[in-house]
Amino acid sequence: MAAPIDLYYWPTPNGWKVSIALMEMGLPFELKPVNIGAGEQFTPEFLAISPNNRMPAIVDPEGPGGEPLSVFESGAILQYLGRKSGQFYPDEARARAQVEEWLYWQVGGLGPMAGQTHHFRQYAPSMIPDSRYTAYGAIRYTNETHRLYGVMDKRLRERDYLAGEYSIADMAAWPWIVPHRMQGIDLAEFPALKAWFDRVGERPAVQAGFKLGAELRAQGLQASGKQAEDARKTLFGQRART
Ligand SMILES: N[C@@H](CCC(=O)N[C@@H](CS)C(=O)NCC(=O)O)C(=O)O
């Protein structure tokens, strides 16, 4: 029986990518919650694994050569798990290139842009009540997210999954479509994307990964009152810590 992988995690879209992949691949893991609203991403122990003070991260006690390996950045983790399990990340060069195109499109585009959309639509107005500043950001990132949804919809008109076969690229993108309403997106505008979103969302492993640690959400930005205010102070306005 394989030794469980430590999963450093909080239930957000970036965390769900990895919980979904672990469930899909049937890899045993142990949940290590990192309460990002309470600042647990800044502990020296966590920074030794993830120097960017972001989750998700993993430690595989049985890494290459049988020695432990830690990995941070969700895209790198998905590639590592795909290679380790031999699933959802094809070996064949052309198929692999397509998976990587759409994986990198997600980690470099959809994720950061939708993340900024959440920030400017949902959180910035309570931090900077002056609507002149928050409106520009909200409009810019909502438009860019809308554009990216269009790119994805077009891609999915001719195939069921982003890279043809279901892959780690779909696992990366699906969690970022979950909060589409917060992004100001109406999925009815993107029928192929909506069909894909439903198709992926029906998978039992996706449902299990998405549910992992759901109860923890009440302790972060989704909390009410003072707890949410403290989480905002921890998460927003970070500068280099030297
Ligand atoms: N590029 C990173 C982004 C990860 C990320 O932004 N994680 C957020 C939660 S969704 C986080 O840990 N935030 C903690 C912080 O901002 O201090 C990845 O794909 O893994």
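Modeller: The protein is divided into domain 1 (5–87 + 213–236) and domain 2 (93–208), with bounds that come from an automatic or database domain assignment. This is a predicted model, in which local features need pLDDT of at least 70 and side-chain atom pairs count only at pLDDT 80 or more, while totals for chains, interfaces and linings use all residues. Residues are numbered from 1 along each chain as its sequence is written.

The C-alpha centres of domain 1 and domain 2 lie 20 Å apart. Their contact takes 15 residues from domain 1 and 16 residues from domain 2; two residues are in contact if their C-beta atoms, placed from the backbone, lie within 7 Å. On the side of domain 1 that touches domain 2, helix 1 (13–25) and helix 3 (74–85) each supply at least two residues. Helix 1 gives the largest share of that side, 8 residues. Helices (H or I, at least four residues) and strands (E, at least two) are DSSP runs, numbered from the N terminus. By class, that side of domain 1 has 7 nonpolar, 5 polar and 3 charged residues. Here Ala, Val, Leu, Ile, Met, Phe, Trp, Tyr, Cys and Pro count as nonpolar, Asp, Glu, Lys and Arg as charged, and the others, Gly among them, as polar.

Now the ligand site itself. The ligand is surrounded by T12, N14, I36, Q41, N53, R54, M55, P56, E73, S74, V107 and L235, where a residue is near a molecule if its C-beta atom, placed from the backbone, lies within 6 Å of it. This shell has 5 nonpolar, 5 polar and 2 charged residues.

Two of the shell residues, N53 and P56, are in the loop between helix 2 (44–49) and strand 3 (57–60). A cis peptide bond joins M55 and P56, with omega about 10 degrees. N53 is not a glycine, yet has a positive phi of about 45 degrees. N53 counts as partly exposed because it has 17 C-beta neighbours inside 10 Å; a residue is buried if 20 or more other C-beta atoms lie within 10 Å of its own, exposed if 12 or fewer, and partly exposed in between, with C-beta atoms placed from the backbone.

Strand 3 pairs with strand 1 (residues 5–9) in the antiparallel sense over 3 bridges, two strands being paired if DSSP finds at least two bridges between them. Y8 has A57 of strand 3 as its bridge partner. Strand 1 also runs parallel to strand 2 (residues 29–33), joined by 5 bridges, and D6 has E30 as its bridge partner there. Strand 1, helix 1 and strand 2 make a right-handed β-α-β unit: with the strands pointing away from the viewer, the path from the first strand over the helix to the second runs clockwise.

Helix 4 (residues 93–127) contains L103, which is buried because 27 other C-beta atoms lie within 10 Å. Leaving aside neighbours within four places in sequence, L103 is in contact with G75, L78, I168, A169 and A172. In the loop between helix 3 and helix 4 is F88, with a positive phi of about 65 degrees although it is not a glycine. F88 is buried, with 21 other C-beta atoms within 10 Å.
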